[in-house]
Amino acid sequence: MLNLSFEKPEVTTVIRWLLRFILVIFLAWLVRQRTEQEEEDECEENDEVTDARARSNGLRSRGNTRPTRLQPRRDSYNAATRQRKGLSTSNDPADFDSNIDKAKPKEMWQPRRNGEPLVLKKQEETDGGPAERVAASASRSARDGRDQGPTLHGHERPVTFLTFNSESNLLFSCGKDKIVCVWSFPDGELLGSYKGHNGAVWSCSATFDSRWLVTCGADRLVIVWEARTSRELARVELPGVVRCVEWAGAAPGVNASDVSERFVTCHNRFGAHPPALSVWRFDGKAIQELIVIPKLPSAANQVRWGRANYFIASAHDSGELIFWRADTGAEVKRLKAHDAGISKFDFNDDRELVATVSHDMSVCVWDIGKGVEWKLLYKAQTDRPLNAVALGPLSRSAAVGAIDDRPKEVRVIAAGGQDVRDVARSSSATEQFGTLLFRLGTEKLPGQLKADGVTNKGHFGPVHTLAFAGNGTAMASGSEDGFVRVHIFEEVAEPKA
């Protein structure tokens, strides 16, 4: 007989292994929850794909018909917009009139003529309910603290995109909670929201005169809105998830049209449909497709209009920034910007400089001026993967000019941070999620971007998007934590021409 003996394990050993087991189960649950949320953003409406395609014949306008779709998730920020028109009887004409009044779209700012400044309506005129008043008061209280600028909370899930209008008095934010919020700036008042998507909203863009807003999302929809009333004007469904959209009229030096505007989109592969770039025209009633560029090396992470709206530029996982003719779709040139994929890029006002960031932890500023050889001007290596970048007011002449003439203020911002799943397995703290500030270096080109600190308010998750106010006085960041944080710079000088 074998003489087998087992020693009784110590209590501390049992507890240690039990805690390890619980930790592994918890981390696995976190990863599974995140995966399910991402799948929900892009696939939760697949049950209605057949019906949506039957209703949609390529391009369509909303018109007077209301499309049949799943009811949107309840939103605690504006209860008034969820009210439906009730049934009225001949014995109750007053109730019928009140329902008509409720159906009228709320105007968030005054309609204006060409050349006139945009005038926001007072809070009492646009107040949509107690929830919006709470959000607005929270913004004001945040400004009264030590932090510079308000903290805006209008989204229940991560913020995916931020953009200012041309006058920098409106800030638009997109989120995975299927809505777009519009804020007055710098007050931080929540003016209203745009609700019509059935999945995460990935991008938005306002026309130069803030008349129209275009949005796109994981539900494969592109929707055009009357910006001041959040009234849907037209929509079109694309073959895949639409990752980015931008109006052509936003380019400086190009007069916005009173009749129609063009915008560009990029969408992912879906089934047999390849990823593509598309240029569209909206005439105030319907959306018309002008050209399609289907032969891409990979799905584009972002697409923007280039110089004078003559080019469009797309960023890819190959680390290339590809420029295309906006009228014919012909490829013009490729810029190898990074060894890893380009996360985001941003042009300066005249579209002759471009800043790029990547998960290789570097931020670069490139000279792409007309008639010159494209080259690297400035670069900085950081300590974190970068998801977003923005350029402040900076002309090409100042960037490539004499050292003494270079601006001394912050002109480049970048942000990112480790993925949530990686943070759970490392010692990274919230300083990973601050926005990095850079000034132009003072050495011979190509030079280095000089670090100028980090914003004094960090997020509690990776930063996905950044926006620079047009005059360089402020910046905004949006994060996985669902917050929009605004940083107002103390001293800003006018950019040199």
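Start with the aromatic rings: the structure holds 12 aromatic pairs, where rings of Phe, Tyr and Trp (its six-membered ring) pair if their centres lie within 6.5 Å, with planes under 30 degrees apart called stacked, over 60 edge-to-face and the rest tilted. This is a predicted model, in which local features need pLDDT of at least 70, side-chain atom pairs count only at pLDDT 80 or more, and totals for chains, interfaces and linings use all residues. Residues are numbered from 1 along each chain as its sequence is written, and side-chain values use heavy atoms, leaving out hydrogens and water.

Select tryptophan 247 and phenylalanine 263 next. Their pair is edge-to-face, 5.2 Å centre to centre with 75° between the planes. Both tryptophan 247 and phenylalanine 263 are buried (under 20% relative accessible area, with exposed over 50% and partly exposed in between, using a 1.4 Å probe and protein chains only).

Move on to phenylalanine 468 and phenylalanine 489. The ring centres are 5.8 Å apart and the planes at 25°, so this pair is stacked. Phenylalanine 468 counts as buried at 10% relative accessibility, and phenylalanine 489 does at 13%.

Two charged side chains come last. A charge sits over a ring if NZ of Lys or CZ of Arg is within 6 Å of the ring centre and within 35 degrees of the ring normal. Pick lysine 333, which lies over the face of tryptophan 374 at 4.3 Å from the ring centre. Then pick arginine 485: it lies over the face of phenylalanine 483, 5.5 Å from the ring centre.
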